[in-house]
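Please have the sequence and the model open side by side. The paragraphs below go through a sheet, one of its strands and some helices.

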Amino acid sequence: MIYVLIILIIFFILLVIHSYLVIDISRYTIKDKRIDKNIKMLLLSDLHNRDIKDKLSKIINKEKPDLIILSGDMINEFVGDQENFIKLIPILEKYKTYYTFGNHEEACIKELKNDYMNRLSKTKLILLNDDSVSLSKNIKLYGLDVDISFFEGLRKKKLDNKYIESRLGKLDNKKYNIAIAHNPLMAYAYTKYGFDLVFSGHVHGGLVRLPFLGGILSPEYKFFPKYYEGIYDIDGMKMIVSRGLGFCKRLPIRILNPGEVVVINICKD
């Protein structure tokens, strides 16, 4: 019995090491008749200040994307927990990079957030917080940065399409509308608002992925989150959820769940 236990412990440790060392690359192709320009995008999410600059540099430079999407939680909210991401920025600056905040950027205390914003202002990264940009005549990219009150506490607010409209205005449904929106568990609001494609992260692949069961835990400590990785079709809206790259500060584990870089090709149909 003791030998079985030892083998199980060793196997568990190997799984953790594997998920720590490996970075997967996932690929998706999106086609739509409204898309008037082929664009190769690279999605990075939930770095949480992890020091993997060399690994990411090799992947990014090999893929040579047209643009990079950062879907939030690139840092942690704590003092001094920004430096590894700051070191990554010179690599990101080689490409057009759009960055929308997640709950960790929003949770920073005022002084820390102000300092972080000041540092970002000196880079070529394009902050897309509650703003939009045209990627072509028919393609528009939005960055939805919701208040921290939608993430935290037993009485956290429920996101709705009216709140999104107050931040972003009304959509032009003749265009192909893409959103960077950190939390996939708010997909019910994204569909009602009318986005065509959403890039998210936040759930870290469920921390532990079990065969046939999927990710088991969300950052809200709820079991078996509905959206945890991959591509989903929700009432005609497609949502791509990254497993992220880093570790939760409070529960720093990944099992059968390596970090992930997502490559998305959007194409004319």
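Two strands pair if DSSP finds at least two bridges between them; helices (H or I, at least four residues) and strands (E, at least two) are DSSP runs, numbered from the N terminus. This is a predicted model, in which local features need pLDDT of at least 70, side-chain atom pairs count only at pLDDT 80 or more, and totals for chains, interfaces and linings use all residues. Residues are numbered from 1 along each chain as its sequence is written, and side-chain values use heavy atoms, with hydrogens and water left out.

Start with the open sheet, in which 6 strands follow the order β6-β7-β8-β9-β13-β12 with mixed pairing. The edges are β6 (131-134) and β12 (230-234); each has a single partner strand, so one side of each lacks a neighbour in the sheet. From one strand to the next the twist averages 20 degrees. Between β6 and β7 (residues 139-144), 4 bridges form an antiparallel pairing, and Asp131 lies opposite Gly143 in β7. Helix α6 (residues 161-168) packs on the sheet and touches β6 and β7, where contact means heavy atoms within 4.5 Å. The direction of α6 makes about 110 degrees with that of β7; angles run from 0 to 180 degrees between N-to-C directions, and axes are lines fitted to C-alpha atoms, for helices over the stretch in contact.

Next, is strand β8 enclosed or open? In β8 (residues 176-181), 6 of the 6 residues are buried, so the strand is largely enclosed by the rest of the structure. Buried means under 20% relative accessible area, exposed over 50% and partly exposed in between (1.4 Å probe, protein chains only). One side of β8 carries Tyr176, Ile178 and Ile180, the other Asn177, Ala179 and Ala181. β8 runs parallel to β7, joined by 6 bridges, with Leu144 opposite Ala181. To β9 (residues 197-200) β8 is also parallel, over 3 bridges; Ile180 has Phe199 as its bridge partner there.

Turn now to the helices. In α2 (residues 53-63), the buried residues are Leu56, Ser57, Ile59, Ile60 and Glu63, and their cover includes β1 (23-32), β2 (39-44), β3 (67-70), α3 and β14 (259-268). Just after α2, Lys64 has a positive phi of about 50 degrees.

Helices α3 (residues 83-92) and α5 (residues 110-121) pack at about 10 degrees, with axes 12 Å apart. α3 is therefore roughly parallel to α5, a label for angles under 35 degrees. Glu83, Phe85, Ile86 and Ile89 of α3 meet Tyr116, Arg119 and Leu120 of α5.

Methods: Parallel < 35°, antiparallel > 145°, perpendicular 65-115°, else oblique.
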